Amino acid sequence: MGAGRIEDISVTRKQDDRLPGLDEPIVGPTGRPKQEFAEPKPLKSHGPARIISLCNQKGGVGKTTTTINLGAALAGYGRRVLAVDFDPQGALSAGLGVPTHEVTTIYDLLLSGSKDPLDAIQKTAVDGLDIIPANIDLSAAEVHLVNEVAREQILARVLRKVSADYDVILIDCQPSLGILTVNALTASHGVLIPLECEFFALRGVALLIETIDKVRDRLNPAIELDGILATMYDSRTLHSREVLERVVDAFGDSVLETVIGRTVKFPDASVAGVPITDFAPEHAASKAYRQVAREMIVRGAVA
Ligand SMILES: Nc1ncnc2c1ncn2[C@@H]1O[C@H](COP(=O)(O)OP(=O)(O)OP(=O)(O)O)[C@@H](O)[C@H]1O
Ligand SMILES: [Mg+2]
């Protein structure tokens, strides 16, 4: 019912103000010349992983959706991918359809250095995509970690033990800049910031970049901004286009050329507990996430 309603709205919005006959724009939505990202070559060997945090303290911007679908798309290109659920809400675990109770979770690994991280890794329905799940227990981690020695480096120590088996590790952060997110940033080689194309989206990004800079100064000198991924973009609204223009003005080439359109297929795929790239492989959104995967490989963010 709900999905039908949203589609009705998009039909009424269909008066397009683009020039007629310009269906295939020669510039991409970010205003740069449209680029094709080449099909990546298969890897001859695997690991050690490059670790990437999907991070934005604003809620509901597409962190989890991007972790799932970028992860699945990279796995589709033969990369070995480990997704880490680092949000007590456990949306990543639910979205990939794995159990989160009576299993070892990321919380257990943070709390006990003697637990073997390999015991926490679960396979997903997607070949090549594994996950370390989380559940609500993780919300207690902030309290437990406060008194730990080197409390910002605990996740880094956990992931070091599994890094050799993967080409990329994607950490799905919670919407906050607390100790868990600082742990994720400290463990990471790079950060990918999903950014919803709506007006207030820009407000928090300066603070997030400041946080990344602090982590670089104090904890992890090597951390890089891998990119900003515009999500929930609707090319038919002037608002979406204006926001994207401002994001590109502010962050230039950090903004990935690929943008993710707004579509009701994502909620549908979440309910099914599978990536959209499996749920509807020929859907525009699946193509977009495969392009994000290729763009990340071309940029060198993923092997
Ligand atoms: N491109 C899109 N078009 C439409 N809906 C989307 C899109 N991407 C994600 N969604 C939906 O928006 C909601 C929020 O997405 P998601 O959970 O990925 O965001 P998040 O940043 O991880 O949120 P949180 O901060 O709560 O962890 C979900 O219901 C998801 O299905
Ligand atoms: Mg999330």
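Modeller: In this predicted model, a residue counts as near a molecule if its C-beta atom, placed from the backbone, lies within 6 Å of it. By that cut-off, 18 residues surround ligand 1. G59, K63, T64, T65 and P175 are the closest.

Biologist: What makes up the shell around ligand 1, by residue class?

Modeller: Seven residues are nonpolar, eight polar and three charged. Helix 2 (63-76) and helix 10 (265-272) each supply at least two residues of that shell.

Biologist: How do you know that the span of helix 2 agrees with its number of residues?

Modeller: At 1.5 Å a residue, its 14 residues should span 20 Å. The end C-alpha atoms are 20 Å apart, so the two agree. Just after helix 2, G78 takes a positive phi of about 85°.

Biologist: Now helix 8. Which of its residues are buried?

Modeller: L208, I212 and V215 are the buried residues of helix 8.

Biologist: Why do you say that they line one face of the helix?

Modeller: Seen down the axis of helix 8, the buried residues fall within an arc of 60°, so they line one face. They pack against helix 7 (179-187), strand 6 (190-196) and strand 7 (224-231).

Biologist: What does the face turned away from the buried side carry?

Modeller: That face of helix 8 carries the exposed residues A206, L207, E210, D213, D217 and R218.

Key:
Residues are numbered from 1 along each chain as its sequence is written. Chains are lettered from A and ligands numbered from 1 in the order in which they are written. This is a predicted model: local features need pLDDT of at least 70, side-chain atom pairs count only at pLDDT 80 or more; totals for chains, interfaces and linings use all residues. Helices (H or I, at least four residues) and strands (E, at least two) are DSSP runs, numbered from the N terminus. Ala, Val, Leu, Ile, Met, Phe, Trp, Tyr, Cys and Pro count as nonpolar, Asp, Glu, Lys and Arg as charged, and the others, Gly among them, as polar. A residue is buried if 20 or more other C-beta atoms lie within 10 Å of its own, exposed if 12 or fewer, and partly exposed in between; C-beta atoms are placed from the backbone. The arc is that of the directions from the helix axis to the C-beta atoms. Two residues are in contact if their C-beta atoms, placed from the backbone, lie within 7 Å. The expected span of a helix is 1.5 Å times one less than its number of residues.
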